[in-house]
Amino acid sequence: MAQNPSDTGDSTGRTDSTRRTFLASAGVVGGLALAGCLGSGDDGGSIEASGSNTVRPLTEAVAEAYEDENEDAVINVRGPGTGAGFEEFTQGDTDIQNASRDIKPDEQDRADENDIEFSRFTVGQDGIVVYLNPDNDFVDYLSVDELEAIYEFESDIDTWSDVRSEWPDEEIDIWGRDSDSGTFDYFTEALTGEAGNVRTDYSARAETSAVVDGVAGSEFAIGFGGHSYWVENQDRVDAAAIQDRGESEAYEPTDENINAGNYTPLTRPLFIFINHDSFDREIVRDFARFYFDNVTDVAGNAGFFGATPEELEANHDKMDQVVN
């Protein structure tokens, strides 16, 4: 059966050199709309961004492009998970919160208690991919009902043959994100109708890269995580086609299917939250404008899907109401 969730591994995830190499090879920076450059005299030449491990690569990519145009700027981006990030953000410890879900009522209450005011901005969308080992040659697709049966709390699914009788009588090695993850919340709610309604005997990981590692190393494994991690690891893990409830066709998490709205219910919006007090600093205002103006150009090369022009315009309007 799956390993104990307390076995957390030691994956380090993406590195700074990885995102630098990515942007250089993608050729994104040269075509970006440039924000106003900051001189060394700007008060507060750094920004602290934390939160979602899934959204982290997107913010990292935008940050790298911004730093290339503003040599004195430093954008520190971490990815402990959406829940862990909100703990920091709602205490005023970070400027920007990356999030793969909306803020929860208890997190909003903590922000209110600490007099933290903020705005939420939609910056893209992502498909949650169900990872399979490349040696798995029997799963043609998985229905949402089958995924729910595998992952739900007190599941009675132990082997692949428990899912479909014609599949191998082999134990399913189950992997996924941990409970600090917005991806975990969205995935479990999309399947079961309740966030956190999940079996306890699966290998839970804080880093999506560790989920990929687990599935890549186990022939009968299954896992879930963000689309960008699958894009970067298609030589190591496969992606299952997903059949939504009430649908006769299953869809793979391709760009075309996600953009067309066919990859349901595992397509979700991505957000950044910005502390209003942080807008007092020029670098935060400048970086936010740069983010909204350039995220669409960056998103596709980072394995994401950009926000709509209407959403990005709304971001500018919302920010104008705060800073003016």
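I began with the contact in which Val144, Leu147, Glu148 and Tyr151 of helix 5 meet Phe187, Ala190, Leu191 and Thr192 of helix 7. Sorted by class, I found 6 nonpolar, 1 polar and 1 charged residues in this contact of helix 5 with helix 7. I noted that the model is a predicted one, and then turned to the geometry: the axes of helix 5 (residues 144-151) and helix 7 come within 9 Å and cross at roughly 115 degrees, and the crossing of helix 5 past helix 7 is left-handed.

Next I looked up the aromatic rings, for which the count is 16 aromatic pairs. I took up the pair of Phe187 and Phe224, which is stacked because the ring centres are 3.9 Å apart and the planes lie at 10 degrees, where planes under 30 degrees apart count as stacked. Since Phe187 belongs to helix 7 (residues 182-192) and Phe224 to strand 8 (residues 221-226), the pair ties together parts that are 37 residues apart in sequence. I checked burial for both partners: Phe187 has 0% relative accessibility and so counts as buried, and Phe224, at 1%, counts as buried.

I also recorded one aromatic cluster, formed by Phe86, Phe89, Phe118, Phe271 and Phe273. For charges over rings, I noted Arg164 over the face of Tyr141, at 4.4 Å from the ring centre, and Lys318 over the face of Phe121, at 5.6 Å from the ring centre.

Phe86 and Phe89 came up again when I listed the buried residues of helix 3, which are Thr82, Gly83, Ala84, Gly85, Phe86, Glu88 and Phe89. Helix 3 (residues 82-89) is thus mostly covered, with 7 of its 8 residues buried. Among the elements that cover these buried residues I noted strand 1 (46-51), helix 4 (105-113), strand 4 (118-132), helix 7 and strand 11 (267-275).

I found a cis peptide bond from Thr264 to Pro265, with omega near 0 degrees, and placed Pro265 in the loop between helix 10 (255-259) and strand 11. Asp115, though not a glycine, has a positive phi of about 55 degrees; I located Asp115 in the loop between helix 4 and strand 4, and its 63% relative accessibility makes it count as exposed. Glu154, also not a glycine, has a positive phi of about 55 degrees, sits in the loop between helix 5 and helix 6 (160-163), and counts as exposed at 66% relative accessibility.

How values were computed:
Residues are numbered from 1 along each chain as its sequence is written. This is a predicted model: local features need pLDDT of at least 70, side-chain atom pairs count only at pLDDT 80 or more; totals for chains, interfaces and linings use all residues. Side-chain values use heavy atoms; hydrogens and water are left out. Rings of Phe, Tyr and Trp (its six-membered ring) pair if their centres lie within 6.5 Å; planes under 30 degrees apart count as stacked, over 60 as edge-to-face and the rest as tilted. Helices (H or I, at least four residues) and strands (E, at least two) are DSSP runs, numbered from the N terminus. Buried means under 20% relative accessible area, exposed over 50%, partly exposed in between (1.4 Å probe, protein chains only). A charge sits over a ring if NZ of Lys or CZ of Arg is within 6 Å of the ring centre and within 35 degrees of the ring normal. Axes are lines fitted to C-alpha atoms, for helices over the stretch in contact, and angles run from 0 to 180 degrees between N-to-C directions. A crossing is left-handed if the near helix is turned anticlockwise from the far one by less than a right angle, and right-handed if clockwise. Contact means heavy atoms within 4.5 Å. Ala, Val, Leu, Ile, Met, Phe, Trp, Tyr, Cys and Pro count as nonpolar, Asp, Glu, Lys and Arg as charged, and the others, Gly among them, as polar.
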